[in-house]
Amino acid sequence: MIVEEKRSQTFTYTHIQNGGSDVCIMLSGASYNYDHPLFYYATMTMLKNKIDVIHLHYSYPESILEQSKRKVAEVMYKDIIEVVDLEKSYRDYIFLGKSLGTVPLVLSFLPASALILLTPLLKDDDIREAITNIETPALAVIGDSDNHFIQQTWDSIPFSKILVPGGNHSLDVGFDEEASLFAIRSTMQEIQNFLTTK
(Lines give C-alpha, C1' and ligand atoms only; values in the text may rest on other atoms or scores of the structure.)
Protein backbone atom coordinates (compact mmCIF):
# COMPACT_ATOMS: atom_id res chain seq x y z
CA MET A 1 0.00 0.00 0.00
CA ILE A 2 1.23 3.49 -0.88
CA VAL A 3 0.09 6.61 1.02
CA GLU A 4 0.95 9.94 -0.56
CA GLU A 5 0.20 13.51 0.48
CA LYS A 6 -0.54 15.54 -2.65
CA ARG A 7 -1.63 19.07 -3.49
CA SER A 8 -4.18 20.53 -5.85
CA GLN A 9 -4.28 24.25 -6.55
CA THR A 10 -6.44 24.93 -3.48
CA PHE A 11 -5.83 22.19 -0.88
CA THR A 12 -3.96 19.02 -0.01
CA TYR A 13 -5.27 15.48 -0.27
CA THR A 14 -4.18 12.07 0.91
CA HIS A 15 -4.04 9.37 -1.78
CA ILE A 16 -4.10 5.81 -0.43
CA GLN A 17 -3.22 3.35 -3.19
CA ASN A 18 -3.88 -0.34 -2.78
CA GLY A 19 -3.72 -1.42 -6.41
CA GLY A 20 -7.37 -0.66 -7.15
CA SER A 21 -8.83 0.22 -10.54
CA ASP A 22 -11.58 2.20 -8.75
CA VAL A 23 -11.26 5.00 -6.20
CA CYS A 24 -13.43 6.40 -3.44
CA ILE A 25 -13.09 10.17 -2.98
CA MET A 26 -14.07 11.11 0.57
CA LEU A 27 -15.33 14.53 1.65
CA SER A 28 -15.30 15.29 5.35
CA GLY A 29 -17.75 17.31 7.39
CA ALA A 30 -16.96 20.75 8.77
CA SER A 31 -15.71 19.28 12.07
CA TYR A 32 -15.80 15.52 11.45
CA ASN A 33 -12.45 14.50 10.02
CA TYR A 34 -10.84 11.40 8.53
CA ASP A 35 -9.49 10.09 11.85
CA HIS A 36 -13.05 9.87 13.23
CA PRO A 37 -14.72 6.44 13.29
CA LEU A 38 -17.01 6.69 10.25
CA PHE A 39 -14.19 7.71 7.90
CA TYR A 40 -11.61 5.45 9.52
CA TYR A 41 -13.75 2.34 9.03
CA ALA A 42 -15.13 3.46 5.66
CA THR A 43 -11.52 3.79 4.47
CA MET A 44 -10.76 0.27 5.73
CA THR A 45 -13.89 -1.04 3.98
CA MET A 46 -12.84 0.48 0.67
CA LEU A 47 -9.28 -0.82 0.89
CA LYS A 48 -10.56 -4.29 1.80
CA ASN A 49 -12.53 -4.19 -1.46
CA LYS A 50 -9.45 -3.15 -3.48
CA ILE A 51 -10.78 0.39 -3.92
CA ASP A 52 -8.18 3.15 -3.56
CA VAL A 53 -9.09 6.13 -1.36
CA ILE A 54 -8.60 9.88 -1.59
CA HIS A 55 -9.22 12.10 1.45
CA LEU A 56 -9.76 15.75 0.49
CA HIS A 57 -8.40 18.19 3.10
CA TYR A 58 -10.37 21.31 2.29
CA SER A 59 -11.17 24.26 4.51
CA TYR A 60 -13.61 26.94 3.43
CA PRO A 61 -14.05 30.35 5.08
CA GLU A 62 -17.32 31.23 6.77
CA SER A 63 -18.01 33.73 3.97
CA ILE A 64 -18.44 30.75 1.61
CA LEU A 65 -20.14 28.36 4.05
CA GLU A 66 -22.77 30.99 4.94
CA GLN A 67 -23.95 31.16 1.32
CA SER A 68 -26.71 28.97 -0.09
CA LYS A 69 -25.90 25.26 -0.33
CA ARG A 70 -26.04 25.57 -4.13
CA LYS A 71 -23.26 28.21 -4.00
CA VAL A 72 -21.24 26.02 -1.61
CA ALA A 73 -21.70 23.06 -3.99
CA GLU A 74 -20.42 25.14 -6.92
CA VAL A 75 -17.21 26.04 -5.05
CA MET A 76 -16.64 22.48 -3.84
CA TYR A 77 -17.45 20.99 -7.25
CA LYS A 78 -14.61 22.92 -8.93
CA ASP A 79 -12.14 21.69 -6.32
CA ILE A 80 -13.34 18.08 -6.56
CA ILE A 81 -13.17 18.04 -10.36
CA GLU A 82 -9.60 19.34 -10.20
CA VAL A 83 -8.62 16.30 -8.11
CA VAL A 84 -10.53 13.95 -10.45
CA ASP A 85 -8.55 15.43 -13.35
CA LEU A 86 -5.29 14.96 -11.45
CA GLU A 87 -6.18 11.32 -10.70
CA LYS A 88 -7.85 10.34 -13.96
CA SER A 89 -6.41 6.84 -14.30
CA TYR A 90 -9.31 5.20 -12.45
CA ARG A 91 -12.15 3.25 -14.05
CA ASP A 92 -14.89 4.27 -11.57
CA TYR A 93 -15.24 7.04 -9.00
CA ILE A 94 -17.22 6.50 -5.82
CA PHE A 95 -17.92 9.59 -3.72
CA LEU A 96 -18.49 9.37 0.03
CA GLY A 97 -19.36 12.50 1.95
CA LYS A 98 -20.50 13.36 5.44
CA SER A 99 -22.64 16.37 6.34
CA LEU A 100 -21.01 19.32 4.51
CA GLY A 101 -19.28 16.75 2.30
CA THR A 102 -22.65 15.54 1.00
CA VAL A 103 -23.56 18.98 -0.39
CA PRO A 104 -21.71 18.70 -3.75
CA LEU A 105 -22.72 15.02 -4.01
CA VAL A 106 -26.40 15.92 -3.90
CA LEU A 107 -26.31 19.26 -5.75
CA SER A 108 -23.66 18.65 -8.46
CA PHE A 109 -23.31 16.27 -11.38
CA LEU A 110 -20.09 14.51 -10.46
CA PRO A 111 -18.63 11.69 -12.60
CA ALA A 112 -19.77 9.14 -10.02
CA SER A 113 -20.50 5.45 -10.33
CA ALA A 114 -21.94 5.56 -6.79
CA LEU A 115 -22.66 7.98 -3.94
CA ILE A 116 -22.56 7.35 -0.19
CA LEU A 117 -24.24 10.09 1.86
CA LEU A 118 -23.53 10.04 5.59
CA THR A 119 -25.79 12.38 7.61
CA PRO A 120 -26.99 14.53 4.68
CA LEU A 121 -28.32 18.00 5.50
CA LEU A 122 -32.00 17.23 4.95
CA LYS A 123 -33.23 20.48 6.52
CA ASP A 124 -31.84 22.54 3.64
CA ASP A 125 -34.47 23.25 0.97
CA ASP A 126 -32.10 22.66 -1.97
CA ILE A 127 -30.80 19.38 -0.51
CA ARG A 128 -34.32 18.21 0.32
CA GLU A 129 -35.49 18.79 -3.25
CA ALA A 130 -32.43 17.33 -5.00
CA ILE A 131 -31.87 14.22 -2.89
CA THR A 132 -35.15 12.65 -3.99
CA ASN A 133 -34.08 12.98 -7.65
CA ILE A 134 -30.65 11.32 -7.50
CA GLU A 135 -30.32 8.76 -10.30
CA THR A 136 -26.80 7.53 -9.52
CA PRO A 137 -26.71 4.38 -7.35
CA ALA A 138 -26.66 5.77 -3.82
CA LEU A 139 -26.76 4.90 -0.13
CA ALA A 140 -27.82 7.34 2.61
CA VAL A 141 -27.31 6.96 6.36
CA ILE A 142 -28.70 9.20 9.09
CA GLY A 143 -29.80 8.98 12.72
CA ASP A 144 -33.31 9.83 13.80
CA SER A 145 -31.87 12.09 16.54
CA ASP A 146 -29.76 14.02 14.02
CA ASN A 147 -30.84 17.67 14.03
CA HIS A 148 -30.90 17.52 10.21
CA PHE A 149 -33.27 14.56 10.08
CA ILE A 150 -36.72 15.08 8.55
CA GLN A 151 -38.94 12.00 8.46
CA GLN A 152 -41.01 13.08 5.44
CA THR A 153 -37.93 13.76 3.30
CA TRP A 154 -36.31 10.55 4.48
CA ASP A 155 -39.39 8.53 3.54
CA SER A 156 -39.33 10.00 0.00
CA ILE A 157 -35.70 9.04 -0.74
CA PRO A 158 -35.92 6.40 -3.50
CA PHE A 159 -32.55 4.71 -3.04
CA SER A 160 -30.88 2.54 -0.37
CA LYS A 161 -30.92 4.06 3.09
CA ILE A 162 -30.27 3.25 6.73
CA LEU A 163 -31.90 4.99 9.68
CA VAL A 164 -29.94 4.66 12.95
CA PRO A 165 -32.32 4.67 15.94
CA GLY A 166 -31.15 7.32 18.41
CA GLY A 167 -28.24 8.29 16.18
CA ASN A 168 -27.06 11.90 16.30
CA HIS A 169 -25.12 13.85 13.64
CA SER A 170 -22.04 11.68 14.30
CA LEU A 171 -24.24 8.55 14.32
CA ASP A 172 -23.39 8.17 18.01
CA VAL A 173 -26.27 6.97 20.17
CA GLY A 174 -25.96 9.29 23.16
CA PHE A 175 -23.37 7.95 25.59
CA ASP A 176 -24.29 4.34 24.86
CA GLU A 177 -21.00 2.96 23.54
CA GLU A 178 -22.45 -0.44 22.61
CA ALA A 179 -25.27 1.09 20.56
CA SER A 180 -22.83 3.55 18.97
CA LEU A 181 -20.41 0.78 18.00
CA PHE A 182 -23.32 -1.26 16.65
CA ALA A 183 -24.39 1.74 14.53
CA ILE A 184 -20.90 2.01 13.02
CA ARG A 185 -20.74 -1.74 12.41
CA SER A 186 -24.18 -1.76 10.77
CA THR A 187 -23.24 1.22 8.60
CA MET A 188 -20.03 -0.48 7.42
CA GLN A 189 -21.93 -3.69 6.68
CA GLU A 190 -24.43 -1.74 4.58
CA ILE A 191 -21.59 0.03 2.75
CA GLN A 192 -20.04 -3.38 2.06
CA ASN A 193 -23.38 -4.70 0.76
CA PHE A 194 -23.83 -1.57 -1.35
CA LEU A 195 -20.38 -1.94 -2.93
CA THR A 196 -21.10 -5.49 -3.97
CA THR A 197 -24.58 -4.79 -5.41
CA LYS A 198 -24.39 -1.24 -6.84
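## Strands and how they pair

Two strands count as paired if DSSP finds at least two bridges between them, and helices (H or I, at least four residues) and strands (E, at least two) are DSSP runs, numbered from the N terminus. This is a predicted model, where local features need pLDDT of at least 70 and side-chain atom pairs count only at pLDDT 80 or more, while totals for chains, interfaces and linings use all residues. Residues are numbered from 1 along each chain as its sequence is written, and side-chain values use heavy atoms, with hydrogens and water left out.

Strand 3 (residues 22-27) runs parallel to strand 4, with 6 bridges joining them, and Cys 24 stands opposite Val 53 in strand 4. Strand 2 (residues 12-17) pairs with strand 4 in the antiparallel sense, over 5 bridges; here Thr 14 stands opposite His 55. Strand 4 is also mostly covered, as 6 of its 7 residues are buried (buried means under 20% relative accessible area, exposed over 50%, and partly exposed in between, using a 1.4 Å probe and protein chains only).

In soluble globular proteins, nonpolar side chains tend to be buried together. Here the largest nonpolar core has 70 residues, and Met 46, Leu 56, Phe 95 and Leu 96 touch the most other members. Its largest share, 7 residues, comes from helix 3 (residues 69-86). A core in this sense is a set of buried Ala, Val, Leu, Ile, Met, Phe, Trp, Tyr and Cys residues joined through side-chain atoms within 4.5 Å.

What does Phe 95 touch, leaving aside residues up to four places away in sequence? Its contacts (heavy atoms within 4.5 Å) include Ile 25, Leu 27, Ile 80, Val 84, Leu 105 and Leu 110. Pro 111, Ala 112, Ala 114, Leu 115 and Ile 116 are also among them.

## Salt bridges

Side chains of opposite charge can pair when their charged atoms come close. A search of the whole structure turns up 6 salt bridges, each a side-chain nitrogen of Lys or Arg within 4 Å of a carboxyl oxygen of Asp or Glu. In one of them, Glu 87 bonds with Lys 6, with the closest N and O atoms 2.9 Å apart. Glu 87 sits in the loop between helix 3 and strand 5 (92-98) and Lys 6 in strand 1 (residues 2-7), so the pair ties together parts that are 81 residues apart in sequence. Glu 87 is buried at 9% relative accessible area, whereas Lys 6 is partly exposed at 22%. Glu 4 joins in as well: Glu 4, Lys 6 and Glu 87 are linked in a network of salt bridges.

Arg 128 pairs with Asp 125 at 2.3 Å between the closest N and O atoms; both lie in helix 5, 3 residues apart, or about one turn of the helix. Asp 125 is exposed, at 52%, while Arg 128 is partly exposed, at 27%.

Tyr 40, Tyr 41 and Met 44 make a nonpolar surface patch of about 310 Å². Patches are made of residues with over 30% relative accessible area and no salt bridge, with like charges joined within 9 Å and nonpolar side chains (Val, Leu, Ile, Met, Phe, Trp, Tyr) within 5 Å. Accessible areas come from the Shrake-Rupley method with a 1.4 Å probe, and for residues only the protein chains shown count as cover. Met 44 lies in helix 1 (residues 37-48) and is partly exposed, with a relative accessible area of 43%.
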